[in-house]
Amino acid sequence: MTPPAPDADSRWLSAAAALAERARPLSRPNPAVAAIVVKDGIVLGRGWTQPGGRPHAEALALQRAGELARGATIYVTLEPCAHRSERGPACADLLVQARIGRAVVGVGDPDPRTAGSGIARLREAGIAVDLADDAACRASLAGYLARAHSARPFVTLKLALTADGFIARSDGSSKWITGEVARAHAHRERARSDAILVGGGTLRADAPRLDVRLPGLEARSPQRLVLTRGAAPEGWRAIASPEAIGDLEGAQYLMIEGGAEVARAFLDAGLVDRIMLYRAPVTFGAGIAPFPYGLPAGWRVTGQRNLGRDTLEILEPAR
């Protein structure tokens, strides 16, 4: 079998990264991984991590490919696991047994139980392995990698702003600055998160539900958190400080929907990985601004799209 060109590898890894979206966040505490078995440009099998973490993506992709997997290439977003578990075999062993011809791995696994051992096992069995360190795969595993490297979830700060830069009127009222399309997109982001956080002031003033109100995704409403040193109401969990998010066991993705004080607290603590700004074509003239002196230094716009009448901007650290 002639290996595909590097640009073909990149396209297949991007396809696998997109497929991994189906596993998020239901795969927790395991990462959301996807795998695609390909031969001569034809997909023979594909899979993604199932709810609760098993079966793994590789196991499903190989099962669907069957005997056709022999000599094929498997594209997998994360290094195949090398450790055996009561819940299932090591994926590296499954690839060896299936006699895969080549494996293209998007990201190496930081888990010390695998951490290079999965790739080494494949190579020892005569399987060609390419470790791509692929950007799309890394982005699809952002929560898992943040948990592994920083012992905390990947944090997204979501804010809805008027055209003149306010998130609320001077009296604190702010309901539905954005339109229906942007609100639906925000609910999609909630459905992709393990937990969602607001400040005590927002909880008292707005009594937000913080659930997912998209047809078919209602069951994906995230765990509700409130930043307070006091007690949390029933159905909520209190977080005393931004740094306490490290105690959210198993949570890989945290979404912050609080007000200006919460936004500044997490930004000042260096605990925000991504900012989502929903900008609406309305003005307040005066009100509460999350960034009274402009956007925080060290951030850059990496994506932008229209959502009905509104605009979404994605900001990431400039590093």
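How many disulfides does the count come to, taking a disulfide as a pair of cysteine sulfur atoms within 2.5 Å?

Mentor: The count comes to zero disulfides. This is a predicted model, in which local features need pLDDT of at least 70 and side-chain atom pairs count only at pLDDT 80 or more, whereas totals for chains, interfaces and linings use all residues. Residues are numbered from 1 along each chain as its sequence is written, and side-chain values use heavy atoms, with hydrogens and water left out.

Cys91 takes part in no disulfide, the nearest cysteine sulfur being that of Cys81, 3.8 Å away. Cys91 is buried, at a relative accessible area of 1%; buried means under 20%, exposed over 50% and partly exposed in between, with a 1.4 Å probe and protein chains only. Cys137 is buried as well, at 0% relative accessibility. Its closest cysteine sulfur, in Cys91, is 15 Å from its own, too far for a bond.

Turning to the sheet, eight strands form an open arrangement of mixed pairing, in the order E9-E8-E7-E10-E6-E11-E13-E12. Strands (E, at least two residues) and helices (H or I, at least four) are DSSP runs numbered from the N terminus, and two strands pair if DSSP finds at least two bridges between them. Strand E9 (236-239) and strand E12 (299-307) stand at the edges with a single partner strand each, so one side of each has no neighbour in the sheet. Within the sheet, E7 (residues 195-199) and E10 (residues 253-256) run parallel and are joined by three bridges, and Leu197 stands opposite Ile256 in E10.

Terms used:
A disulfide is a pair of cysteine sulfur atoms within 2.5 Å.
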